[in-house]
Amino acid sequence: MGDWHGPQGPFDIPDVPNYVPRRLKPWLFILFVLIVQFSGGIYLAAATDMVGTTALMQEDILMAGYASLIGMSINFAVMFRLKFRYSNRVGLLICGAVLIAANFICANTTNVPLLVATCFVAGWFRMWATFVCNSTIQLWLTPVRDMAIFFCYVYLVVDGVIQLSGIATIYTSFFSQWEYMHWIMSGLLAMMMVLVLILVKPVKGPMQIPLLGIDWIGAALWSVFMLCFTFICVYGNFYDWWEAEEISAATILGIACAAINLWRATFLHHPYISFQALTNRNVIRATLVYLVFFTLMATEHVFEHSYAAVILGFDETNMIDLNWYVFAGIVVGCIFTYFTFALHKWRYKTMTAIGFALAAIYLGWFYFMIDYGVEKEMLLLPLFTRGFASVIISIVFLTSIVQSGLHFFVFPQALTVNGFTGAVMGATLGPALIGEFLRHVMAKNCALIGARFTDFSNSIGHMSLGQLYGAVQQQSLVVSMKEIYGWLLIIALSSLTIILVSYSPIRPTAIFPKWKTIRKIFRREASLQA
(Lines give C-alpha, C1' and ligand atoms only; values in the text may rest on other atoms or scores of the structure.)
Protein backbone atom coordinates (compact mmCIF):
# COMPACT_ATOMS: atom_id res chain seq x y z
CA MET A 1 0.00 0.00 0.00
CA GLY A 2 2.92 2.36 0.50
CA ASP A 3 3.19 5.23 2.94
CA TRP A 4 -0.07 6.91 3.80
CA HIS A 5 1.42 10.33 4.30
CA GLY A 6 4.74 12.00 4.69
CA PRO A 7 6.62 15.29 4.38
CA GLN A 8 5.78 17.25 1.25
CA GLY A 9 7.70 19.85 -0.69
CA PRO A 10 6.30 23.29 -1.54
CA PHE A 11 2.75 22.84 -2.81
CA ASP A 12 2.28 23.33 -6.53
CA ILE A 13 -0.31 22.48 -9.17
CA PRO A 14 1.43 21.24 -12.34
CA ASP A 15 -1.80 21.71 -14.34
CA VAL A 16 -1.44 25.50 -14.03
CA PRO A 17 1.41 27.21 -15.94
CA ASN A 18 4.27 28.71 -13.95
CA TYR A 19 3.49 32.27 -15.07
CA VAL A 20 0.57 32.10 -12.61
CA PRO A 21 1.97 32.82 -9.11
CA ARG A 22 2.14 29.64 -7.03
CA ARG A 23 0.17 31.21 -4.19
CA LEU A 24 -2.74 32.01 -6.52
CA LYS A 25 -3.04 28.55 -8.06
CA PRO A 26 -5.15 26.99 -5.27
CA TRP A 27 -7.44 30.03 -5.18
CA LEU A 28 -8.12 29.54 -8.88
CA PHE A 29 -9.58 26.10 -8.13
CA ILE A 30 -11.53 27.48 -5.17
CA LEU A 31 -13.07 29.97 -7.59
CA PHE A 32 -13.99 27.08 -9.89
CA VAL A 33 -15.57 25.03 -7.10
CA LEU A 34 -17.62 28.01 -5.91
CA ILE A 35 -18.98 28.58 -9.42
CA VAL A 36 -19.81 24.89 -9.78
CA GLN A 37 -21.48 24.70 -6.36
CA PHE A 38 -23.68 27.69 -7.17
CA SER A 39 -24.81 25.93 -10.38
CA GLY A 40 -27.45 23.53 -9.09
CA GLY A 41 -29.59 23.08 -12.20
CA ILE A 42 -32.63 24.39 -10.33
CA TYR A 43 -32.66 26.88 -7.48
CA LEU A 44 -35.04 25.89 -4.69
CA ALA A 45 -35.12 29.41 -3.27
CA ALA A 46 -36.98 30.48 -6.42
CA ALA A 47 -39.68 27.81 -5.93
CA THR A 48 -42.39 30.38 -5.07
CA ASP A 49 -41.65 32.45 -8.18
CA MET A 50 -41.50 29.34 -10.37
CA VAL A 51 -44.86 28.13 -9.06
CA GLY A 52 -46.36 31.55 -9.79
CA THR A 53 -45.06 31.81 -13.37
CA THR A 54 -45.19 28.18 -14.54
CA ALA A 55 -47.54 25.22 -14.31
CA LEU A 56 -45.19 23.52 -11.84
CA MET A 57 -46.19 22.62 -8.29
CA GLN A 58 -44.04 23.12 -5.21
CA GLU A 59 -43.53 19.34 -5.07
CA ASP A 60 -42.28 19.25 -8.67
CA ILE A 61 -39.58 21.80 -7.91
CA LEU A 62 -38.55 20.05 -4.71
CA MET A 63 -38.33 16.72 -6.56
CA ALA A 64 -36.05 18.26 -9.17
CA GLY A 65 -33.86 19.85 -6.49
CA TYR A 66 -33.49 16.61 -4.58
CA ALA A 67 -32.76 14.75 -7.84
CA SER A 68 -29.66 16.94 -8.09
CA LEU A 69 -28.58 15.72 -4.63
CA ILE A 70 -29.14 12.12 -5.74
CA GLY A 71 -26.98 12.70 -8.80
CA MET A 72 -24.22 14.05 -6.56
CA SER A 73 -24.52 11.11 -4.15
CA ILE A 74 -24.49 8.38 -6.80
CA ASN A 75 -21.32 9.84 -8.32
CA PHE A 76 -19.24 9.18 -5.19
CA ALA A 77 -18.71 5.53 -6.10
CA VAL A 78 -16.94 6.39 -9.38
CA MET A 79 -15.38 9.78 -8.72
CA PHE A 80 -11.89 8.35 -8.09
CA ARG A 81 -12.07 6.42 -11.35
CA LEU A 82 -13.00 9.61 -13.20
CA LYS A 83 -10.13 11.41 -11.47
CA PHE A 84 -7.60 8.92 -12.86
CA ARG A 85 -9.24 8.61 -16.29
CA TYR A 86 -9.48 12.26 -17.30
CA SER A 87 -7.24 15.25 -16.71
CA ASN A 88 -8.48 18.18 -14.63
CA ARG A 89 -8.78 20.29 -17.77
CA VAL A 90 -11.00 17.77 -19.58
CA GLY A 91 -13.12 17.11 -16.50
CA LEU A 92 -13.81 20.79 -15.84
CA LEU A 93 -14.61 21.54 -19.49
CA ILE A 94 -17.04 18.62 -19.74
CA CYS A 95 -18.75 19.53 -16.46
CA GLY A 96 -18.96 23.20 -17.35
CA ALA A 97 -20.61 22.45 -20.70
CA VAL A 98 -23.12 20.04 -19.13
CA LEU A 99 -24.03 22.48 -16.36
CA ILE A 100 -24.58 25.29 -18.86
CA ALA A 101 -26.93 23.02 -20.82
CA ALA A 102 -28.70 22.05 -17.58
CA ASN A 103 -29.22 25.72 -16.66
CA PHE A 104 -30.69 26.40 -20.09
CA ILE A 105 -33.09 23.44 -19.89
CA CYS A 106 -34.21 24.20 -16.32
CA ALA A 107 -34.95 27.81 -17.21
CA ASN A 108 -37.10 26.90 -20.21
CA THR A 109 -38.97 23.66 -19.49
CA THR A 110 -42.05 22.84 -17.44
CA ASN A 111 -41.88 19.13 -18.24
CA VAL A 112 -41.41 17.52 -14.84
CA PRO A 113 -39.68 14.27 -15.96
CA LEU A 114 -37.27 16.28 -18.12
CA LEU A 115 -36.64 18.71 -15.26
CA VAL A 116 -35.93 15.91 -12.80
CA ALA A 117 -33.67 14.04 -15.25
CA THR A 118 -31.77 17.25 -16.07
CA CYS A 119 -31.19 18.05 -12.40
CA PHE A 120 -30.02 14.48 -11.75
CA VAL A 121 -27.45 14.73 -14.55
CA ALA A 122 -26.45 18.22 -13.38
CA GLY A 123 -25.87 16.87 -9.86
CA TRP A 124 -23.69 14.06 -11.21
CA PHE A 125 -21.44 16.42 -13.17
CA ARG A 126 -21.50 19.00 -10.38
CA MET A 127 -20.02 16.38 -8.05
CA TRP A 128 -17.39 15.43 -10.62
CA ALA A 129 -16.25 19.04 -11.06
CA THR A 130 -16.29 19.60 -7.29
CA PHE A 131 -14.10 16.55 -6.72
CA VAL A 132 -11.69 17.61 -9.48
CA CYS A 133 -11.15 20.95 -7.76
CA ASN A 134 -11.08 19.75 -4.15
CA SER A 135 -8.79 16.79 -4.80
CA THR A 136 -6.37 19.09 -6.62
CA ILE A 137 -5.94 21.40 -3.62
CA GLN A 138 -6.23 18.74 -0.90
CA LEU A 139 -2.51 18.75 -0.10
CA TRP A 140 -2.56 22.54 0.07
CA LEU A 141 -5.31 22.36 2.71
CA THR A 142 -3.79 19.49 4.70
CA PRO A 143 -0.27 18.34 3.73
CA VAL A 144 -0.62 15.31 6.03
CA ARG A 145 -3.93 14.34 4.36
CA ASP A 146 -5.96 14.63 7.55
CA MET A 147 -9.57 14.26 6.34
CA ALA A 148 -11.05 15.90 9.44
CA ILE A 149 -9.32 19.11 8.35
CA PHE A 150 -10.30 18.63 4.72
CA PHE A 151 -13.99 18.05 5.51
CA CYS A 152 -14.15 21.29 7.51
CA TYR A 153 -13.27 23.09 4.28
CA VAL A 154 -15.66 20.95 2.22
CA TYR A 155 -18.69 21.68 4.39
CA LEU A 156 -17.79 25.34 4.71
CA VAL A 157 -17.99 25.55 0.91
CA VAL A 158 -20.94 23.21 0.30
CA ASP A 159 -23.27 24.26 3.14
CA GLY A 160 -22.20 27.88 2.91
CA VAL A 161 -22.95 28.05 -0.81
CA ILE A 162 -26.42 26.56 -0.20
CA GLN A 163 -27.29 29.56 1.98
CA LEU A 164 -25.59 32.12 -0.27
CA SER A 165 -27.22 30.63 -3.36
CA GLY A 166 -30.66 31.09 -1.81
CA ILE A 167 -29.87 34.72 -0.98
CA ALA A 168 -28.54 35.41 -4.49
CA THR A 169 -31.54 33.71 -6.12
CA ILE A 170 -34.16 35.65 -4.15
CA TYR A 171 -32.52 39.01 -4.75
CA THR A 172 -32.07 38.20 -8.44
CA SER A 173 -35.79 37.37 -8.63
CA PHE A 174 -36.67 40.51 -6.65
CA PHE A 175 -34.81 42.87 -8.97
CA SER A 176 -35.57 41.02 -12.23
CA GLN A 177 -36.87 37.45 -12.85
CA TRP A 178 -36.01 34.05 -11.44
CA GLU A 179 -34.75 32.91 -14.88
CA TYR A 180 -31.96 35.48 -14.69
CA MET A 181 -30.21 33.39 -12.04
CA HIS A 182 -29.79 30.65 -14.64
CA TRP A 183 -28.35 33.11 -17.16
CA ILE A 184 -25.95 34.59 -14.59
CA MET A 185 -24.68 31.15 -13.63
CA SER A 186 -24.37 30.13 -17.29
CA GLY A 187 -22.22 33.20 -17.83
CA LEU A 188 -20.03 32.35 -14.84
CA LEU A 189 -19.67 28.76 -16.04
CA ALA A 190 -18.67 30.02 -19.49
CA MET A 191 -16.10 32.28 -17.82
CA MET A 192 -14.81 29.28 -15.88
CA MET A 193 -14.41 27.29 -19.09
CA VAL A 194 -12.45 30.15 -20.68
CA LEU A 195 -10.17 30.32 -17.64
CA VAL A 196 -9.68 26.55 -17.80
CA LEU A 197 -8.74 26.75 -21.49
CA ILE A 198 -6.22 29.51 -20.75
CA LEU A 199 -4.83 28.56 -17.34
CA VAL A 200 -5.18 24.76 -16.99
CA LYS A 201 -2.94 22.46 -19.01
CA PRO A 202 -4.02 18.93 -20.07
CA VAL A 203 -1.70 17.18 -17.62
CA LYS A 204 -2.20 13.41 -17.57
CA GLY A 205 -1.05 10.90 -15.01
CA PRO A 206 1.54 8.22 -15.73
CA MET A 207 -1.27 5.84 -16.68
CA GLN A 208 -4.87 6.57 -17.63
CA ILE A 209 -7.05 4.02 -15.83
CA PRO A 210 -9.95 2.89 -18.05
CA LEU A 211 -13.53 2.88 -16.78
CA LEU A 212 -13.64 -0.91 -16.62
CA GLY A 213 -15.38 -3.03 -14.03
CA ILE A 214 -17.95 -0.39 -13.08
CA ASP A 215 -21.42 -1.78 -12.39
CA TRP A 216 -23.41 0.75 -14.41
CA ILE A 217 -26.58 -1.36 -14.16
CA GLY A 218 -26.24 -1.25 -10.38
CA ALA A 219 -25.73 2.53 -10.55
CA ALA A 220 -28.96 2.90 -12.55
CA LEU A 221 -30.92 0.67 -10.16
CA TRP A 222 -29.66 2.48 -7.06
CA SER A 223 -30.51 5.80 -8.72
CA VAL A 224 -34.06 4.64 -9.42
CA PHE A 225 -34.39 3.43 -5.81
CA MET A 226 -33.24 6.80 -4.47
CA LEU A 227 -35.57 8.67 -6.83
CA CYS A 228 -38.51 6.47 -5.79
CA PHE A 229 -37.73 7.05 -2.11
CA THR A 230 -37.59 10.80 -2.71
CA PHE A 231 -40.80 10.74 -4.78
CA ILE A 232 -42.68 9.03 -1.94
CA CYS A 233 -41.44 11.54 0.64
CA VAL A 234 -42.05 14.63 -1.52
CA TYR A 235 -45.41 13.69 -3.08
CA GLY A 236 -46.77 11.49 -0.27
CA ASN A 237 -48.90 14.15 1.38
CA PHE A 238 -50.10 15.49 -1.99
CA TYR A 239 -51.29 12.07 -3.19
CA ASP A 240 -52.53 10.98 0.28
CA TRP A 241 -49.77 8.41 0.56
CA TRP A 242 -50.58 4.81 -0.31
CA GLU A 243 -54.18 5.59 -1.17
CA ALA A 244 -52.84 6.72 -4.55
CA GLU A 245 -51.56 4.50 -7.34
CA GLU A 246 -48.56 6.77 -7.90
CA ILE A 247 -47.14 6.25 -4.40
CA SER A 248 -47.88 2.50 -4.48
CA ALA A 249 -46.15 2.15 -7.86
CA ALA A 250 -43.11 4.12 -6.67
CA THR A 251 -42.92 1.91 -3.56
CA ILE A 252 -43.03 -1.32 -5.56
CA LEU A 253 -40.48 -0.04 -8.08
CA GLY A 254 -38.12 1.21 -5.37
CA ILE A 255 -38.27 -2.04 -3.39
CA ALA A 256 -37.74 -4.06 -6.58
CA CYS A 257 -34.66 -2.03 -7.57
CA ALA A 258 -33.16 -2.33 -4.08
CA ALA A 259 -33.88 -6.07 -3.95
CA ILE A 260 -32.33 -6.68 -7.39
CA ASN A 261 -29.22 -4.74 -6.40
CA LEU A 262 -28.85 -6.64 -3.13
CA TRP A 263 -29.26 -9.93 -5.01
CA ARG A 264 -26.68 -8.89 -7.62
CA ALA A 265 -24.27 -7.91 -4.82
CA THR A 266 -24.18 -11.55 -3.68
CA PHE A 267 -22.38 -12.73 -6.82
CA LEU A 268 -20.86 -9.70 -8.60
CA HIS A 269 -17.14 -9.21 -8.05
CA HIS A 270 -17.54 -5.42 -7.84
CA PRO A 271 -21.16 -4.33 -7.31
CA TYR A 272 -21.82 -0.61 -7.39
CA ILE A 273 -22.50 -0.71 -3.63
CA SER A 274 -21.26 -3.82 -1.86
CA PHE A 275 -22.35 -5.47 1.37
CA GLN A 276 -19.03 -4.40 2.93
CA ALA A 277 -20.14 -0.78 2.55
CA LEU A 278 -23.76 -1.36 3.56
CA THR A 279 -22.97 -3.37 6.68
CA ASN A 280 -19.96 -1.41 7.93
CA ARG A 281 -20.44 -0.40 11.56
CA ASN A 282 -19.49 3.24 11.03
CA VAL A 283 -21.80 3.53 8.02
CA ILE A 284 -24.72 2.08 9.98
CA ARG A 285 -23.99 4.33 12.97
CA ALA A 286 -23.82 7.40 10.74
CA THR A 287 -27.10 6.45 9.05
CA LEU A 288 -28.92 6.08 12.38
CA VAL A 289 -27.56 9.39 13.68
CA TYR A 290 -28.55 11.15 10.43
CA LEU A 291 -32.08 9.76 10.62
CA VAL A 292 -32.56 11.03 14.17
CA PHE A 293 -30.68 14.32 13.86
CA PHE A 294 -32.07 15.49 10.53
CA THR A 295 -35.59 14.50 11.56
CA LEU A 296 -35.15 16.85 14.52
CA MET A 297 -33.94 19.53 12.10
CA ALA A 298 -36.80 18.85 9.64
CA THR A 299 -38.80 21.71 11.12
CA GLU A 300 -36.55 23.90 8.97
CA HIS A 301 -38.38 22.67 5.87
CA VAL A 302 -41.87 22.30 7.37
CA PHE A 303 -42.32 25.14 9.87
CA GLU A 304 -39.87 27.98 9.43
CA HIS A 305 -41.18 29.26 6.10
CA SER A 306 -44.82 29.04 7.21
CA TYR A 307 -44.04 30.67 10.54
CA ALA A 308 -42.11 33.55 8.97
CA ALA A 309 -44.64 34.12 6.15
CA VAL A 310 -48.02 33.41 7.77
CA ILE A 311 -47.48 34.27 11.44
CA LEU A 312 -44.78 36.96 11.32
CA GLY A 313 -45.78 38.37 7.93
CA PHE A 314 -42.28 38.44 6.42
CA ASP A 315 -41.91 38.95 2.68
CA GLU A 316 -39.46 36.88 0.60
CA THR A 317 -36.52 39.24 1.04
CA ASN A 318 -36.93 39.32 4.82
CA MET A 319 -37.23 35.54 4.93
CA ILE A 320 -34.16 34.96 2.82
CA ASP A 321 -32.19 37.37 5.00
CA LEU A 322 -32.57 34.75 7.73
CA ASN A 323 -30.12 32.65 5.68
CA TRP A 324 -27.37 35.00 6.89
CA TYR A 325 -27.95 33.74 10.44
CA VAL A 326 -27.66 30.12 9.28
CA PHE A 327 -24.59 31.00 7.22
CA ALA A 328 -22.94 32.55 10.28
CA GLY A 329 -23.66 29.34 12.20
CA ILE A 330 -22.09 27.26 9.43
CA VAL A 331 -18.93 29.39 9.34
CA VAL A 332 -18.50 29.38 13.12
CA GLY A 333 -19.36 25.66 13.25
CA CYS A 334 -16.68 24.79 10.70
CA ILE A 335 -14.09 26.92 12.51
CA PHE A 336 -15.05 25.38 15.87
CA THR A 337 -14.89 21.84 14.45
CA TYR A 338 -11.54 22.61 12.81
CA PHE A 339 -9.89 23.66 16.09
CA THR A 340 -11.53 21.10 18.37
CA PHE A 341 -12.13 17.99 16.28
CA ALA A 342 -9.55 18.28 13.50
CA LEU A 343 -6.61 19.83 15.35
CA HIS A 344 -7.10 18.86 19.00
CA LYS A 345 -8.74 15.50 18.20
CA TRP A 346 -11.78 15.75 20.43
CA ARG A 347 -13.67 12.47 20.62
CA TYR A 348 -16.53 11.57 18.29
CA LYS A 349 -18.78 11.24 21.33
CA THR A 350 -17.95 14.77 22.51
CA MET A 351 -18.64 16.34 19.13
CA THR A 352 -21.87 14.38 18.66
CA ALA A 353 -23.06 15.47 22.11
CA ILE A 354 -22.32 19.10 21.23
CA GLY A 355 -24.28 18.74 17.98
CA PHE A 356 -27.34 17.31 19.73
CA ALA A 357 -27.09 19.89 22.52
CA LEU A 358 -27.21 22.65 19.92
CA ALA A 359 -30.17 20.92 18.28
CA ALA A 360 -31.93 20.92 21.67
CA ILE A 361 -31.24 24.66 22.03
CA TYR A 362 -32.72 25.25 18.56
CA LEU A 363 -35.87 23.27 19.35
CA GLY A 364 -36.15 24.64 22.88
CA TRP A 365 -36.00 28.23 21.67
CA PHE A 366 -38.94 27.71 19.32
CA TYR A 367 -40.90 25.73 21.91
CA PHE A 368 -40.63 28.46 24.55
CA MET A 369 -40.44 31.58 22.37
CA ILE A 370 -42.69 30.95 19.37
CA ASP A 371 -45.30 33.72 19.26
CA TYR A 372 -46.87 36.37 17.04
CA GLY A 373 -44.57 39.21 18.06
CA VAL A 374 -41.12 37.76 17.39
CA GLU A 375 -38.73 40.22 15.73
CA LYS A 376 -36.42 39.07 12.94
CA GLU A 377 -33.32 39.69 15.06
CA MET A 378 -34.66 37.34 17.74
CA LEU A 379 -34.35 34.43 15.29
CA LEU A 380 -30.56 34.77 15.26
CA LEU A 381 -29.97 32.30 18.11
CA PRO A 382 -32.06 29.32 16.84
CA LEU A 383 -31.01 29.66 13.21
CA PHE A 384 -27.36 30.16 14.17
CA THR A 385 -27.40 27.02 16.34
CA ARG A 386 -29.13 25.04 13.57
CA GLY A 387 -26.35 25.83 11.11
CA PHE A 388 -23.72 25.24 13.80
CA ALA A 389 -25.14 21.82 14.77
CA SER A 390 -25.65 20.57 11.21
CA VAL A 391 -22.05 21.09 10.09
CA ILE A 392 -20.68 19.48 13.26
CA ILE A 393 -22.70 16.30 12.73
CA SER A 394 -21.93 16.20 8.99
CA ILE A 395 -18.17 16.69 9.39
CA VAL A 396 -17.83 14.27 12.30
CA PHE A 397 -19.68 11.35 10.74
CA LEU A 398 -18.23 11.79 7.27
CA THR A 399 -14.81 11.62 8.93
CA SER A 400 -15.88 8.42 10.69
CA ILE A 401 -16.54 6.84 7.27
CA VAL A 402 -12.90 7.46 6.33
CA GLN A 403 -11.86 5.85 9.63
CA SER A 404 -14.14 2.83 9.13
CA GLY A 405 -11.38 0.43 8.05
CA LEU A 406 -12.91 -0.25 4.63
CA HIS A 407 -10.70 -1.21 1.70
CA PHE A 408 -10.13 1.88 -0.40
CA PHE A 409 -11.94 0.32 -3.35
CA VAL A 410 -15.05 -0.01 -1.12
CA PHE A 411 -14.60 3.36 0.58
CA PRO A 412 -16.22 5.41 -2.26
CA GLN A 413 -19.26 3.13 -2.06
CA ALA A 414 -19.62 4.02 1.62
CA LEU A 415 -19.47 7.68 0.62
CA THR A 416 -22.41 7.08 -1.74
CA VAL A 417 -24.43 5.56 1.11
CA ASN A 418 -23.39 8.43 3.38
CA GLY A 419 -24.36 10.99 0.74
CA PHE A 420 -27.80 9.47 0.26
CA THR A 421 -28.60 9.06 3.96
CA GLY A 422 -27.09 12.39 5.01
CA ALA A 423 -28.24 14.66 2.18
CA VAL A 424 -31.21 13.02 0.45
CA MET A 425 -32.90 11.16 3.32
CA GLY A 426 -32.05 13.99 5.68
CA ALA A 427 -33.83 16.48 3.43
CA THR A 428 -36.86 14.35 2.54
CA LEU A 429 -37.75 11.72 5.16
CA GLY A 430 -37.78 14.05 8.18
CA PRO A 431 -39.97 16.71 6.52
CA ALA A 432 -42.35 14.00 5.29
CA LEU A 433 -42.75 12.60 8.82
CA ILE A 434 -43.06 16.00 10.50
CA GLY A 435 -45.42 17.26 7.78
CA GLU A 436 -47.75 14.31 8.28
CA PHE A 437 -47.58 14.75 12.05
CA LEU A 438 -48.45 18.42 11.61
CA ARG A 439 -51.48 17.58 9.51
CA HIS A 440 -52.95 15.35 12.23
CA VAL A 441 -52.10 17.76 15.06
CA MET A 442 -53.58 20.68 13.08
CA ALA A 443 -56.85 18.81 12.56
CA LYS A 444 -57.12 18.13 16.29
CA ASN A 445 -56.27 21.68 17.31
CA CYS A 446 -58.55 23.24 14.71
CA ALA A 447 -61.48 21.32 16.18
CA LEU A 448 -60.64 22.36 19.75
CA ILE A 449 -59.81 25.99 19.01
CA GLY A 450 -62.65 26.34 16.46
CA ALA A 451 -65.24 25.56 19.11
CA ARG A 452 -63.83 28.24 21.43
CA PHE A 453 -63.62 30.82 18.65
CA THR A 454 -67.21 30.08 17.62
CA ASP A 455 -68.45 30.71 21.15
CA PHE A 456 -66.36 33.87 21.35
CA SER A 457 -67.60 35.09 17.95
CA ASN A 458 -71.22 34.51 18.92
CA SER A 459 -70.73 36.45 22.14
CA ILE A 460 -69.33 39.55 20.45
CA GLY A 461 -71.12 39.10 17.11
CA HIS A 462 -68.80 41.01 14.75
CA MET A 463 -66.47 38.32 13.23
CA SER A 464 -67.28 37.15 9.71
CA LEU A 465 -66.97 33.50 8.74
CA GLY A 466 -63.80 34.19 6.75
CA GLN A 467 -62.20 36.08 9.65
CA LEU A 468 -63.16 33.31 12.04
CA TYR A 469 -61.67 30.63 9.79
CA GLY A 470 -58.44 32.58 9.33
CA ALA A 471 -58.07 33.20 13.05
CA VAL A 472 -58.68 29.53 13.83
CA GLN A 473 -56.12 28.40 11.25
CA GLN A 474 -53.48 30.83 12.45
CA GLN A 475 -53.93 30.00 16.11
CA SER A 476 -54.02 26.28 15.36
CA LEU A 477 -50.77 26.54 13.40
CA VAL A 478 -48.96 28.22 16.30
CA VAL A 479 -50.27 25.74 18.86
CA SER A 480 -49.49 22.77 16.60
CA MET A 481 -45.95 23.95 15.92
CA LYS A 482 -45.37 24.49 19.63
CA GLU A 483 -46.64 20.99 20.39
CA ILE A 484 -44.42 19.34 17.77
CA TYR A 485 -41.39 21.37 18.84
CA GLY A 486 -42.02 20.07 22.35
CA TRP A 487 -42.06 16.43 21.24
CA LEU A 488 -38.92 16.91 19.16
CA LEU A 489 -37.21 18.62 22.10
CA ILE A 490 -37.95 15.56 24.24
CA ILE A 491 -36.42 13.30 21.56
CA ALA A 492 -33.36 15.57 21.30
CA LEU A 493 -32.79 15.56 25.06
CA SER A 494 -33.30 11.79 25.22
CA SER A 495 -30.78 11.29 22.40
CA LEU A 496 -28.34 13.60 24.13
CA THR A 497 -28.69 11.60 27.35
CA ILE A 498 -28.00 8.33 25.52
CA ILE A 499 -24.88 9.86 23.94
CA LEU A 500 -23.61 11.18 27.25
CA VAL A 501 -23.99 7.87 29.12
CA SER A 502 -22.37 5.88 26.31
CA TYR A 503 -18.64 5.25 26.18
CA SER A 504 -16.48 5.96 23.16
CA PRO A 505 -12.75 6.75 23.44
CA ILE A 506 -12.27 6.95 19.67
CA ARG A 507 -10.69 10.11 18.29
CA PRO A 508 -10.32 11.15 14.64
CA THR A 509 -7.28 9.63 12.94
CA ALA A 510 -8.65 9.64 9.41
CA ILE A 511 -5.58 9.94 7.19
CA PHE A 512 -5.96 9.81 3.41
CA PRO A 513 -3.45 7.66 1.46
CA LYS A 514 -1.17 9.17 -1.16
CA TRP A 515 -2.67 9.70 -4.61
CA LYS A 516 0.08 7.44 -5.98
CA THR A 517 -1.12 4.68 -3.66
CA ILE A 518 -4.77 5.22 -4.66
CA ARG A 519 -3.82 5.12 -8.35
CA LYS A 520 -2.08 1.77 -7.83
CA ILE A 521 -5.19 0.35 -6.12
CA PHE A 522 -7.51 1.34 -8.95
CA ARG A 523 -4.98 0.38 -11.63
CA ARG A 524 -4.72 -3.12 -10.14
CA GLU A 525 -8.50 -3.48 -9.90
CA ALA A 526 -8.98 -2.22 -13.46
CA SER A 527 -6.34 -4.63 -14.79
CA LEU A 528 -8.24 -7.53 -13.23
CA GLN A 529 -11.35 -6.49 -15.20
CA ALA A 530 -9.54 -6.02 -18.51
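Tutor: A residue is buried if its relative accessible area is under 20%, exposed if it is over 50%, and partly exposed in between, taken with a 1.4 Å probe and protein chains only. The model here is predicted, so local features need pLDDT of at least 70 and side-chain atom pairs count only at pLDDT 80 or more, while totals for chains, interfaces and linings use all residues. Residues are numbered from 1 along each chain as its sequence is written, and side-chain values use heavy atoms, with hydrogens and water left out.

Student: What makes Phe293 count as buried or exposed?

Tutor: Phe293 has 0% relative accessibility, so it counts as buried. Phe356 has 3% relative accessibility and therefore counts as buried too. Both Trp124 and Trp128 are buried. Of the 530 residues of the protein chain, 56% count as buried.

Student: Why is the arrangement of Trp124 and Trp128 called an aromatic pair, and of which kind?

Tutor: Rings of Phe, Tyr and Trp (its six-membered ring) pair if their centres lie within 6.5 Å; planes under 30 degrees apart are stacked, over 60 edge-to-face, and the rest tilted. The centres of Trp124 and Trp128 are 6.2 Å apart and the planes are at 75°, so the pair is edge-to-face. By this rule there are 34 aromatic pairs.

Student: How far apart are Trp124 and Trp128 along helix α6?

Tutor: They are 4 residues apart in α6 (residues 112-136), which means a separation of about one helical turn. A helix here is a DSSP run (H or I, at least four residues), a strand is a run of E (at least two), and both are numbered from the N terminus. The protein chain has 21 helices and 0 strands.

Student: How do you know that the span of α6 agrees with its 25 residues?

Tutor: The expected span is 1.5 Å times one less than the number of residues. For α6 that gives 36 Å, and its end C-alpha atoms are 36 Å apart, so the two agree.

Student: Why is α6 called largely enclosed?

Tutor: Of its 25 residues, 20 are buried, so the rest of the structure largely encloses α6.

Student: What makes Lys482 a charge over the ring of Tyr367?

Tutor: The rule asks that NZ of Lys or CZ of Arg be within 6 Å of the ring centre and within 35 degrees of the ring normal. Lys482 lies over the face of Tyr367, at 4.9 Å from the ring centre. Likewise, the charged end of Arg85 sits over the ring of Tyr86, 5.1 Å from its centre.
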